[in-house]
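Hi,

Here is the structure I promised to send over. Have a look at it first, and my notes on what turned up follow below.

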Amino acid sequence: MAEFLTSFAVLVGVYAVFALGLNVQWGYTGLFNIGVAGFFALGAYAAALLTIRPPLSAQGEDYLFSGDLARRMESIPVIGALDLWFLIALAAAAAAGGAVALAVGAITIRLRDDYLAIATLGIAESVRLVFLNERWLTNGSRGVYTIPPVFEGLVEPHNYDRVYLGIVIVIFAALFCLVRVLLRSPWGRALQAIREDEATAEASGKHVFRFKLQAFTLGAVIMSIGGALFAFNIRAISPQTFTPLLGTFIIWAMLITGGSGRLYGPIVGALVVWGIWSGSQFLPNILDALPAFIGDPLAGVLDALGLPNVRFFAIGVLMTLVLLYAPDGVTPWLSRLRERWARPPPPPTPTLALTSPPPGARSASSFPSHPIVIPA
Amino acid sequence: MQLTSKLRIESQTLARAAWAAQVALALAFLAFAAANVNLSINGLFHGSVLALGAIGITLIYGLLRFANIAQGDMMTLGAYAAFFLLTSVLPESAGLGPFTFGFPLLIAIPVSMAAAAVLAVGMELLVFRRLRRRRASIVTMAIASLGVAIAIRGFVQMVWDTQVRYFPNESRAHYSFPGDVHIAPNHLFVGGAALLLAVALHLLLTRTKHGKAMRATSDNPDLARASGIDTNRVLIWTWGIAGALAGAAGTLLVVFNATSQIKPSLGFQMLVPLFAAVIVGGIGNPYGAFAGALLIGVSMEASTAFVPPTYKPAVAFGVMVVVLLFRPRGLFGSRD
C-alpha cells in the first residue's frame, strides 16, 4: 500500500506540473493548447536522449544517439558526485520545449485564438511522428529504456520511489513559487488583463502579442520539465506513452476540475482526477465486496465495457459536466470551506485579479467577433 | 516626407517579394503534385472526403465562432454506426460491380449520416445551448467540444472495443488509364459521393429558405434575429447538417482506405488535416473548406513519394503553417 501511495503521489506531482503549465497558458492568459502531449513528449525525450546509456548491442539495438550524461560528468567534481546532471537534463528539456513553443507561437499567436489550438495539436502530432519514425535518433516504436536513475550511487533501489517523490515535490514547489511570483507581478497582471479583455489591454499600451508569446513559452517550458520528470520516473519511454488521452485530455480535465485561473487549481485537480483515475482500478474489487445480487451484474457490465474504455468515457463526461455546472472547478468550494473554519473571516485579499472569475465566466461581449447569445 | 516615401518604397518592395514568394510556392506545389500523378489523383479523392468533415467544422464556426473539436469523433461515431449496420443488421452481399463493398453500404451511408446528425443535435441541445445561455466564452465552448469528443470516443470504445475492425470487403482490380494511371473504383465512388453531397449542400444553402436563413445568421446574427429568423432553429439545422456530413465523411473514409479498416481513433487522427483544410481555405467559408481540403489531400498523398506515409498529418500541418505565413486569413478568407 505504501508503495502504491508513493507512486501515486509521484504521478500526482508530475501531472500537477503539466496542469500548472496549462494554467499559465489557459487559466491566466486564455491561450488554448490542446497539444500538451507534444511538450510532454518533447521534454521527456530531450531529457531521455541526453542521459540514456549507449545501445545494448546484445539486444540488437542500433540507434545511434546516446547522451550518457551521467557517465560523461562522473569525473567532474561536485557535479559528478551529487548527480547534478539531472538538473542539466531538466534544463535541456525546458530549452527544447521552450524553443518549439517560441517558434510556433511566433507564427500562430498573432492570428485567431483557434489557430493556436490547431497549431498545438499539429505540434503534438508532428513531434510524435518524428519520435516514431526517426529510428536512428529515438529507436522508433521500441522507445528508449536505458534512462539512468537519479542518485544511483547514493540511494538503494527499493528507496528510489520515495526519494524521487521528494525530488518531484521540490521541483513542483519551485515551479509553483515561480509561477506565483510571476503572476502577482505586473507581468502576471497584464496576462490576466489580456485574458479578460484583449482590446482594452492593447488600448492601455500592453504589447499583447509579446505577453501572449511569453506566457505560451513559459507554460511550454513548465510542461517540458514535467515531461522530463515523467521520463526519470518510469525510465522507459516510447511514442506510445504520449497518447492524447494521458498526454492532453486528462490534464485538461485536471485543470478544469481543479479550477482554471486559480493558483491551487492544478494541484487540487491533479489530486482529484488522478485519484479517480487510479482509484478506478480497484472498482472490480469493490464490486466483488458488494452483495452478489448487486455486485455481479455490475461487474459483468464493467467487464463487457472494459475498464479503460469506461475511464475514457468518464473523463470526457466529467470535463463537460464541470464546464456546464461548476465552471470554476472545485477550488472555490475548498476556499469556502476554509473561510467557514477560519474566524474571523479573512479580509478580502488585495490580489483581486487572482480570484476573479476564470475564463469560463467571461462575458460574451468581451470578444471581438459576434457570438450568438440567445436569451434563455 | 522623405521618410514616408522611403517607407512606402520599402513596403512596396516587401509586398512584391511576398508575391514572388507566393507564386514560387504555387509553382513548387504544382511541380510537387505533378511529380507523381497517381498519388496526386489519390490525393484529390482523399481531399474530397476530408472536405465533408471540413465543411461541417466551417459551418459551425461561421455561426458560433468556435472550433468544434468533436467533429473528428462525430465522424468516428458515424463510421461505427455504418459498421454496426453492415456487420450485424444488413445481410452479407457480394461486391457491387467494380467496388469492394456490396449494396448494404448504400443503405449504411444515409444511416451513418442520420446517426451523426442526431448526435450533433443532441450536443447542441444538451451542452452548447446551455453554455450559450450561461454566456460562456467561445473558447470555453471549444473546450466543451473537446470534453464531448473524449466522451464520444469513450462511448465508441465501450461499445466496439479498441481493436481494429474491417468493413466487409472484397479485393477488386484497379482501373488503368493511359499514362500509367491507376484508380481504385472505390476512390471514384468516394469522390462521386462527396461531390454529390457538396453540391446538395450548395443547393441547400443557396436555394432554400433554411439555407438562406443559415447564411444570413452567419453573416450577422443580430440582424438575422431582428428580421424574424429563429436563430435557435438555424443552429439546430446547422448542427444537423454538420453531423450528417461528418457521418458521411467517416464512412467514406473507411471505404477510401484500401483495407476498409475502422478503429476508434479514426476521426481524432483526422483533426489536424481537417482543421488544416478549414484554415487554409479561410475559416467560415464552406467553398474555401472544399478547396482547402483538396489542396491538403493532394499535399498529403503526393508527399508519400518523398517521406514515410505516416508523416501525412505533419505534412498537412506544415502546409497550413506555410499558407498562414503569407495569408493569415487563408486562401479564400474574406472576413476576419
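The contact between the chains takes 47 residues from chain A and 48 residues from chain B. Keep in mind that this is a predicted model. On the side of chain A that touches chain B, the elements giving two or more residues are helix 4 (85-108), helix 5 (113-133), helix 11 (244-258) and helix 15 (307-325). Helix 5 of chain A gives the most, with 12 residues. Sorted by class, that side of chain A has 30 nonpolar, 13 polar and four charged residues.

The crossing is left-handed. Helix 5 of chain A brings A:Tyr115, A:Gly122, A:Glu125, A:Ser126 and A:Leu129 to this contact, while helix 12 of chain B brings B:Pro313, B:Ala314, B:Phe317 and B:Leu324. Six of these residues are nonpolar, two polar and one charged.

There's also a helix pair inside chain B. Helix 7 (residues 209-219) and helix 9 (residues 231-256) of chain B pack with their axes 10 Å apart, at an angle of about 105°, so helix 7 of chain B is roughly perpendicular to helix 9 of chain B. B:His210, B:Ala213, B:Met214 and B:Thr217 of helix 7 make the contact with B:Thr231, B:Val234, B:Trp237 and B:Thr238 of helix 9.

Cheers

Technical notes: Residues numbered from 1 in each chain as written. Chains lettered and ligands numbered in written order. Predicted model: local features only at pLDDT ≥ 70, side-chain atom pairs only at ≥ 80, totals over all residues. Contact = placed C-beta atoms within 7 Å. Helix = DSSP H or I, 4+ residues; strand = E, 2+ residues; numbered from the N terminus. Nonpolar A, V, L, I, M, F, W, Y, C, P; charged D, E, K, R; others polar. Axes fitted to C-alpha atoms, helices over the stretch in contact; angles between N-to-C directions. Parallel < 35°, antiparallel > 145°, perpendicular 65-115°, else oblique. Left-handed = near helix turned anticlockwise from the far one by under 90°.
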